Amino acid sequence: MQKVFTNIKELYIIADSQTHKLQGKAMQSPICIKNGYLRVEGSKVKEYGSMQELEVNEFEEVINVSGKIIFPTFCDSHTHIVYARTRENEFVDRIKGLTYQEIAAKGGGILNSAIHLQQTSEKTLYEEAFSRLQSMIQKGTGAVEIKSGYGLSVESELKMLRVIARLKEAVDIPVKATFLGAHAIPLEYKNNRNKYIELIVNEMLPNIAAEKLADYIDVFCDEGFFTVDETDTILSAGAKYGLKPKIHANELANSGGIQIGVKHKAISVDHLEHTGDAELECLLHSNTVATLLPSTAFFLRINYPNARAMIEKNLCVALATDFNPGSSPSGNMSFVMSLACIQMRMLPEEALTACTLNGAHAIELSAQGYGKLATNSTANFVITRPCSGLACIPYHFGDNLIEQVWIQGRKI
Ligand code: NIG
Ligand code: FE
């Protein structure tokens, strides 16, 4: 059945079918039609235009969305939603003055999550992650990447990735899986780091590849976690199995993560709170997306990445939630947009481009018609409550202006 959405106050198409990312200044001008219509057939966008051009067919359903905005669903390209327990005790420790690194050093943080995950069944992990994913979809997310990295043993990393594989089957949105065995060094390998890296390279990777459980490989390349040389070794090993990198870089220090990511042709380098001119220059001469995760900076009370410098430098910037129990217990992309605008001075249009098209590009989905509403794109979009314009979304921080979510042309 064909449907036509009419009188759309602002219809954000974002980009045409041939355009898979917007970088630098172009992020300010996603394609937008004022007083537009959107025609959907089955799961795809059939066409769009301005209301003056619309001729309604008698057999189609007309949905009048007067006063409301339509834009593509968010593509959340960096999450860790498979986990066993929340960590509000560490949240309180941080309020009392401990840093993220101090908590990690005393066995909290990622290692704490790993202990609980190892003791939790695949079934429970699946059910809890499924409910997080449903709640993200209801808030407007229509494509997602999910990482392993709380297993830290062969068996538990495989368990996490199998949970992600089941999530892929269970939902109507694309899900990409990233192997993050190199998230932290388990306590028992503290004095023998190489042994853990050998475990990743010689045992985890071959098993994951044999079961085709991962689309990407990630390393937490940062102070106190994995060094540049270790990252180099792990990414080289991943490449042998065709796993492209998307890595955690420069969150806690200027770690060299950006350069090693670019050397390995990473699809994206993520976090980037600590960057200088050399890092931006390095990204400029690459196809690597700069993915920023402002809710982590908010939650850990650390410096925000310099999004303005990145955009002025003509980089392709994406935004994601980093949803995880330690540094960003939220999968709310509208709030990410608010932080991007308020704390990183991104314009609402830049933030929307970063949350949709560029997020899709950071998980290789934009060329397949996600993150935009061009003709033949997948009809994944949101309809807002009545509002005066796009700026209302980040302006009403903490509120949810998304009234309806449509996935593959169906209202959920
Ligand atoms: O992206 N930075 C590394 N990993 C997560 C945090 C994981 C945790 O604290 O559990 C992040 O912030
Ligand atoms: Fe992360």
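At what angle do helix α4 and helix α5 pack, and how far apart are their axes? Helix α4 (residues 122-138) and helix α5 (residues 154-170) pack at about 45°, and their axes are 9 Å apart. This is a predicted model, in which local features need pLDDT of at least 70, side-chain atom pairs count only at pLDDT 80 or more, and totals for chains, interfaces and linings use all residues. Residues are numbered from 1 along each chain as its sequence is written, and side-chain values use heavy atoms, with hydrogens and water left out.

**Helix pair**
- Residues of α4, including Tyr 126 and Phe 130, meet residues of α5, including Arg 162 and Leu 167 (contact means heavy atoms within 4.5 Å).

- His 78 lies in the loop between β6 (74-76) and α1 (88-95) and Asp 322 in the loop between β13 (317-319) and α12 (333-344), so the pair ties together parts 244 residues apart in sequence (helices are DSSP runs of H or I with at least four residues, strands runs of E with at least two).
- His 78 is buried at 0% relative accessibility, and Asp 322 is buried at 1% (buried is under 20% relative accessible area, exposed over 50%, partly exposed in between, with a 1.4 Å probe and protein chains only).

**His 361**
- His 361 lies in helix α14 (residues 357-361).
- The C-alpha atoms of His 361 and Cys 75 are separated by 8.9 Å.

Key: Chains are lettered from A and ligands numbered from 1 in the order in which they are written. Axes are lines fitted to C-alpha atoms, for helices over the stretch in contact, and angles run from 0 to 180 degrees between N-to-C directions.
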